[in-house]
Structures are given as C-alpha cells and as structure tokens.
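The following exercises are to be worked through with the sequence and the 3D structure at hand, and a solution follows each task.

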Amino acid sequence: MWSSREAYLLAMVCLLVGAALGYFFRGSAANMPSPAVQVGSMPSAPPSGMPAAGGPPPTAEALSSIAAPMLAALKADPKNADVLTQLGNLYYDHRVYPEAITYYLRALEVRPRDVNVRTDLGTAYWYSGDAKTAVAEYEKSLAVDPRHTATMMNMGIVKLNGLSDSKGAISIWEKLLRDNPQFSEKQKVLDLLAQAKASGK
C-alpha cells in the first residue's frame, strides 16, 4: 500500500511528466503514438539544446520507491520483458537515460523484434547525446516494421538536429506521410518538413 506521502509524490511526478509533452514519440505507447516527452520546438543536439522539462526531476529516493515493485517482480523473473520495458519507461520518462537504456537493452534481448521498445531505446540514446546510435536503433526498428510512425517521426528529428541531415529527415518524413496518409499527427509532420526545408542543414 502507498502511504499518503508516496501517493502525493507519485501524483506530482505524473503531473510533471504530463506537462512535458512535445515532438518526440514514445514507441511503446502505441504504433499510432501520442506525444510523450519534452516540450516546445524540435530539440537540438543534447545536452545543451535539450528542451527544459516542466520542473525538477524526482529524487533518486522517489524513483527507487516507484521502481521497487517492478524490481521485486524482476527479481522473481529476470527475463520478464514487460517488467523490463516498464522499468525502461520509468527511467526514460524521468530523464534517467542510462538506466532506461540498460532496461530497454535487456528487454530487447528477450524480444528483439519489439519495435516500440527499439524506438524508445533510440530516443534514449539521442537524449544521451548519441545521435548516430539513435539512428542505428531506428533503422533496426524500421527493418522489422517499415511503416512504424513513431520511429519515422523520431528518426527525422534526430537526422535533422543530431546529424544535420535535412535531406534524410525530409525523406523519412515524406515516406511517413506516403505510407500513413491518415496519420493523426499529419500537420505536425508537415510543420517539421517545412522547418527542415528552411533549415539549410
């Protein structure tokens, strides 16, 4: 059972995460994703260009408290891909990217074709400052599911802002719209395309 203090702290954490909506998409949310992390315009190369989130991250103690039930489940079943993914998501959502990467990699050892987790792994690498590895993970995701919208959306952002590859970004976003003409975030993609074409990168 949660104490009243822990429940309050969890509610505050959820509010902070909810306030941090933006362009990056979480692959594990769904194939037709909803915005999950970061606020504002397209992120530039991290860490200095990373958009600020809505408030300070939770303390290590608070995160440990939230993670404790999942870690207990994992101790009983170390290859439980669902629990590994949940832990990855927890640390990702709270911007503790090295831990997120660790759990996503472990989840992918169990389910290597999980494109949602692979996309989240790529984005965690991006926020850790490793654009090339992020794109490599997105490419692995698209090798399994060439129409995965979250992967294509994020790959374009990283190509443009991390690798200064506007042509690559434009190409992947145009493919996203061709392959998914009813994409719910179509206007956002069109805005990103306009920015890429105007960037001169």
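**Exercise 1.** How are H3 and H5 oriented to each other, roughly parallel or perpendicular?

**Solution.** The model is a predicted one, in which local features need pLDDT of at least 70 and side-chain atom pairs count only at pLDDT 80 or more, while totals for chains, interfaces and linings use all residues. Residues are numbered from 1 along each chain as its sequence is written, and side-chain values use heavy atoms, with hydrogens and water left out.

Begin with the axes, which are lines fitted to C-alpha atoms, for helices over the stretch in contact, with angles running from 0 to 180 degrees between N-to-C directions; helices are DSSP runs (H or I, at least four residues), numbered from the N terminus. Those of H3 and H5 cross at roughly 30 degrees and come within 11 Å. H3 and H5 are therefore roughly parallel to each other, since angles under 35 degrees count as roughly parallel, over 145 as roughly antiparallel and 65 to 115 as roughly perpendicular, the rest being oblique.

Next, list the contact (heavy atoms within 4.5 Å): Thr85, Asn89 and Tyr92 of H3 meet Val117, Asp120, Thr123, Ala124 and Tyr127 of H5.

**Exercise 2.** Determine how H6 and H7 are oriented to each other.

**Solution.** Helix H6 spans residues 131-144 and helix H7 residues 149-163, and they pack at an angle of about 155 degrees with their axes 10 Å apart. H6 and H7 are therefore roughly antiparallel to each other. Among the residues making this contact are Tyr138 and Leu142 of H6 and Met155 and Val158 of H7.

Methods
Helix = DSSP H or I, 4+ residues; strand = E, 2+ residues; numbered from the N terminus.
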